[in-house]
Amino acid sequence: DAFAKCDSLTAISLPNSLRVIERGVFWQCHGLKRIDIPANVAEIGQYNFLGCASLEVIRNLSVVPQNVIDVFDVKKAHRVKLEVPASAVEAYRHSAVWNKCEIVSIE
C-alpha cells in the first residue's frame, strides 16, 4: 500500500525496470488521473486502482495483458481509457478485466 490514500498524487510514470506492481499500491488514491505502466510489468496485484475515482487513463505498454483480479471497481472501468500497443488491442479486448475499459491503440 505504498501510495494508498495519497490524494496529492495525480499522475505517475513507473520505471522501466519494474516487473511487478504489488497489491494495493495505489489503492484509494482519489486524485490519481493517469498512470503509465512500462512494458516489463507482468503482474499487477489486487486492489491497485480500487477507489481511484479520478482515474481517466492507464497507458499500459505490455503487449501481453496482465492477469488481474479486482484491480479496480469494474463498474467504473468503462470510464477509464486504456492505451495499449496496437499489436495488443485484441488481446486486451479479450481479457476478463481489462475489456471493461475503453481500449485504444497507442500507435
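Colleague: Among contacts in the chain between residues at least 6 apart in sequence, what share joins residues at least 24 apart?
Modeller: That share is 34%, where contact means heavy atoms within 4.5 Å. This is a predicted model: local features need pLDDT of at least 70, side-chain atom pairs count only at pLDDT 80 or more, and totals for chains, interfaces and linings use all residues. Residues are numbered from 1 along each chain as its sequence is written, and side-chain values use heavy atoms, with hydrogens and water left out.

Colleague: What secondary structure does the chain have?
Modeller: There are 1 helix and 7 strands, in the order β-β-β-β-β-β-α-β along the sequence. Both are DSSP runs numbered from the N terminus: helices are H or I with at least four residues, strands E with at least two.

Colleague: Aromatics next. How many pairs?
Modeller: The count is 5 aromatic pairs. Rings of Phe, Tyr and Trp (its six-membered ring) pair if their centres lie within 6.5 Å; planes under 30 degrees apart are stacked, over 60 edge-to-face, the rest tilted. One of the pairs is phenylalanine 3 with phenylalanine 26, stacked at 5.6 Å centre to centre and 5° between the planes.

Colleague: Where in the chain do those two sit?
Modeller: Phenylalanine 3 is in the segment before β1 (11-13), and phenylalanine 26 is in the loop between β2 (20-21) and β3 (34-37), 23 residues apart.

Colleague: Buried or exposed, phenylalanine 26?
Modeller: Phenylalanine 26 is buried at 1% relative accessibility, while phenylalanine 3 is partly exposed at 35%. Buried means under 20% relative accessible area, exposed over 50%, partly exposed in between (1.4 Å probe, protein chains only).

Colleague: And what about tyrosine 92 and tryptophan 98?
Modeller: Tyrosine 92 and tryptophan 98 pair edge-to-face, 6.2 Å centre to centre with 65° between the planes. Tyrosine 92 is buried at 0%, and tryptophan 98 is buried at 0% too.

Colleague: Which residues do the ring pairs link into a cluster?
Modeller: Phe3, Phe26, Phe49, Phe72, Tyr92 and Trp98.

Colleague: Switching to the core. Which residues touch the most other members?
Modeller: Phe26, Phe49 and Ile58, out of 30 residues in the largest nonpolar core. Such a core is a set of buried Ala, Val, Leu, Ile, Met, Phe, Trp, Tyr and Cys residues joined through side-chain atoms within 4.5 Å. β3, β6 (81-84) and α1 (89-93) each supply at least two residues of this core.

Colleague: What does phenylalanine 26 touch?
Modeller: Leaving out residues up to four places away in sequence, the residues that phenylalanine 26 touches include Phe3, Leu9, Ile35, Phe49 and Cys52.

Colleague: Last one: how much of the chain is buried?
Modeller: Of the 107 residues, 40% count as buried.
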